[in-house]
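Me: I've just opened this one and would like a quick tour. Can you walk me through it?

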Amino acid sequence: MLANKKIAVLMGGPGSERQVSLASGNAVLKALSGLGLDVVGVDVTSTTIDLPPGTDLAFNVIHGTFGEDGQLQAALEKLGVPYTGAGVKSSRIAFDKNLAKAAFIAAGVPTPRAEIIDVSDGPRLPSFQAPFVVKPPREGSSVGVHIVRNQSDATAAMADAAKFGNDILVEEFIEGVELTVGILNDQALPIVHIIPPEGVYDMASKYPWLSGAKGSQYICPADLDEETTRVVQHAALAAHRSLGVEIYSRVDVLLDARNRPFVLEANTIPGMTETSLLPKAAVAKGISFPDLCGIIAELSLSLRPGTPG
Ligand SMILES: Nc1ncnc2c1ncn2[C@@H]1O[C@H](COP(=O)(O)OP(=O)(O)O)[C@@H](O)[C@H]1O
Ligand SMILES: [Mg+2]
């Protein structure tokens, strides 16, 4: 199905996750060309996209603002070029943690209790007590995320999150282990257990190669009993579906001491280097990295065939 198709891998992007995206893009480029496909890399540096003439499919690996929030998807639809992954609406909802929270609650997906606090008139405390987590709703890579352990630290955390916008998400803090679940073609992949070096999964422990910091450890499949595995995968798939996400995503989940899952978010443009988490999960299911890239491209092209001719 991909033979004779011209694929452009869109990478980089104008946002703060540019370096991570370039790594993903180069890995996907190499994988697809290894499959013998006609593929070129396109480094996107602004919000105007210049595609090579005759592009049949845009393989999008631009993380974060512009690439993951529906803007790029809308631009590609305007150009009439089929693209990989989530569409305009599902991208927008998944990227906004406030909108996603509402969708999770409506669908009965287990997720930490939360309040959206409007700080346009200055910081205000949530109705529940610390510990809680303060998040700007439309950032990624833990940017602006603050874990408030003492009520007295709340105002400073809220003020920092407010730098990104006035509608701040405040979530109950869940003490538990960090899991992530890849979803491919409406199926949950084996669970990845993330063990950060100092207990906090932040920018440095996610991308140690950016800063030289100590990296996280990853265990896949996670060492969980059958019942817990099933419950976590079920919650992740329900989260993916509740947002209407197409083709694939990677859902972040916390598992508390009583083995209850709490969905944090669905990432619609997850990392796509060979050592990224979704690719690790695919390998645990017998799907190699090049095959994963090929499957995403094929599924996307059958969902969005584009204009014939
Ligand atoms: N409610 C919560 N309880 C405990 N830890 C949390 C909570 N929300 C987020 N975290 C921590 O912060 C990290 C980033 O949060 P997340 O919601 O996944 O945002 P993003 O990855 O987009 O920055 C999580 O991986 C987790 O380690
Ligand atoms: Mg996350």
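Predicted model: local features only at pLDDT ≥ 70, side-chain atom pairs only at ≥ 80, totals over all residues.

**Helix 8 and beyond**

Reply: In helix 8, the buried residues are Val232, Gln233, Ala235, Ala236, Ala239, His240 and Ser242. Buried means 20 or more other C-beta atoms within 10 Å of a residue's own, exposed means 12 or fewer, and partly exposed is in between, with C-beta atoms placed from the backbone. Helices (H or I, at least four residues) and strands (E, at least two) are DSSP runs, numbered from the N terminus.

Me: OK, what covers the buried residues of helix 8?

Reply: The cover includes helix 4 (97–107), strand 8 (176–184), strand 9 (187–195), strand 11 (248–256) and strand 12 (261–267).

Me: What comes just after helix 8?

Reply: Glycine 244, with a positive phi of about 70°.

Me: Switching topic: which domains is the protein divided into?

Reply: Domain 1 (6–85 + 290–298), domain 2 (93–110 + 175–287) and domain 3 (114–172). Those bounds come from an automatic or database domain assignment. The C-alpha centres of domain 2 and domain 3 lie 22 Å apart.

Me: Which residues touch the most other members in the largest nonpolar core?

Reply: Val9, Leu10 and Val253, out of 71 residues in that core. Helix 1 (residues 18–34) gives the largest share, seven residues. Domain 1 and domain 2 each supply at least three residues. A nonpolar core here is a set of buried Ala, Val, Leu, Ile, Met, Phe, Trp, Tyr and Cys residues joined through C-beta atoms within 7 Å.

Me: What does valine 9 touch?

Reply: Leaving out residues up to four places away in sequence, valine 9 touches Gly25, Val28, Leu29, Val39, Gly41, Val42, Phe59 and Val61. Contact means C-beta atoms, placed from the backbone, within 7 Å. There is also a second, separate core of twelve residues, including Val134, Ala157, Met158 and Ile168.

Me: Now the sheet with four strands: what order are they in?

Reply: The order is 4-7-5-6, in an open sheet with antiparallel pairing. Two strands pair if DSSP finds at least two bridges between them. Strand 4 (114–118) and strand 6 (146–148) are at the edges with a single partner strand each, so one side of each has no neighbour in the sheet.

Me: How many bridges between strand 5 and strand 7?

Reply: Four, linking strand 5 (residues 132–135) with strand 7 (residues 167–172) in the antiparallel sense. Valine 134 has valine 170 in strand 7 as its bridge partner.

Me: And strand 8 with strand 9, how many bridges there?

Reply: Six, again in the antiparallel sense. Threonine 180 has valine 192 in strand 9 as its bridge partner. The hairpin of these strands has two residues between them, and asparagine 185 takes a positive phi near 55° there.

Conventions:
Residues numbered from 1 in each chain as written. Chains lettered and ligands numbered in written order. Contact = placed C-beta atoms within 7 Å.
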